[in-house]
Amino acid sequence: MLEIDLKEIITVSMVLFAVIDIVGSIPIIVNLRAKVGHIESEKASIVAGAIMIVFLFVGEGLLNLIGIDVHSFAVAGSFVLFFLALEMILGIRIYRDEEPGSASIVPLAFPLIAGAGTMTTLLSLRSQFHTINIIIAILLNIILVYVVLKSSKKIENLLGENGLGVVRKTFGVILLAIAVKLFAANVKGLFV
């Protein structure tokens, strides 16, 4: 039986929106576009969506294969989200990636859109929400990612540097609260 729940879809969508941080990534996208010219919005969006959905189903099996339960992964994920939130709020870089050479699927779909934080979040969310609602939230976010990638220059001009900073910090605070909630909900499972 499908457990489609609008409240869950909205909650998961907001969590993924904060983690993917596509609006906060506009400066990176603009920089990539300036370096390499064309951005493959369609390919990046489709591949990122596929990576997230496949990991949603295969991720837990992979964890079981190496002997890690979902609660442990969710607690670890809450730490990753916590540090991502600190990066967003404080404007610092704790985790550094190598600078990509082209705006192909690799730098956009992975790790910019479907990176480690997103993967951790998906498995953490799976411990609290119905899978169908997570899939719908992934699809909604991928549509939004596609729109942002296609119109990144317009959004950058509309919001300006200060506007992008406000959006990034606001979602950083939301992500921090989500990290605390995720930790609190799963830490009990470690001791049962």
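Visitor: Is the crossing of H3 and H6 left-handed or right-handed?

Guide: Right-handed, for H3 crossing H6. Bear in mind that this is a predicted model.

Visitor: OK, and at what angle do H3 and H6 pack?

Guide: About 70 degrees, and their axes lie 9 Å apart. H3 covers residues 41-65, while H6 covers residues 116-126. Angles of 65 to 115 degrees count as roughly perpendicular, so that's how H3 and H6 sit relative to each other.

Visitor: Which residues make the contact?

Guide: On the H3 side you've got Ile 51, Met 52, Phe 55, Leu 56, Phe 57, Gly 59, Glu 60 and Leu 63. H6 brings Thr 118, Met 119, Leu 122, Leu 123 and Arg 126.

Visitor: How many of those in the H3 contact with H6 are nonpolar, polar or charged?

Guide: Nine are nonpolar, two are polar and two are charged.

Visitor: What about H6 as a whole, how many of its residues are buried?

Guide: Nine of eleven, so H6 is largely enclosed by the rest of the structure. The buried ones include Met 119, Leu 122 and Leu 123, which also touch H3. Gly 117 and Ser 124 are among the buried residues too.

Visitor: Switching topic: where is Asn 141?

Guide: Asn 141 is in helix H7, which spans residues 131-150.

Visitor: Buried or exposed, that Asn 141?

Guide: Buried: its relative accessibility is 5%, and the cut-off for buried is under 20%.

Visitor: And which residues is Asn 141 in contact with, leaving aside neighbours within four places in sequence?

Guide: Ser 13, Leu 16, Phe 17 and Ile 20 are the contacts of Asn 141 then.

Conventions:
Residues are numbered from 1 along each chain as its sequence is written. This is a predicted model: local features need pLDDT of at least 70, side-chain atom pairs count only at pLDDT 80 or more; totals for chains, interfaces and linings use all residues. Side-chain values use heavy atoms; hydrogens and water are left out. Axes are lines fitted to C-alpha atoms, for helices over the stretch in contact, and angles run from 0 to 180 degrees between N-to-C directions. Helices (H or I, at least four residues) and strands (E, at least two) are DSSP runs, numbered from the N terminus. Angles under 35 degrees count as roughly parallel, over 145 as roughly antiparallel, 65 to 115 as roughly perpendicular and the rest as oblique. A crossing is left-handed if the near helix is turned anticlockwise from the far one by less than a right angle, and right-handed if clockwise. Contact means heavy atoms within 4.5 Å. Ala, Val, Leu, Ile, Met, Phe, Trp, Tyr, Cys and Pro count as nonpolar, Asp, Glu, Lys and Arg as charged, and the others, Gly among them, as polar. Buried means under 20% relative accessible area, exposed over 50%, partly exposed in between (1.4 Å probe, protein chains only).
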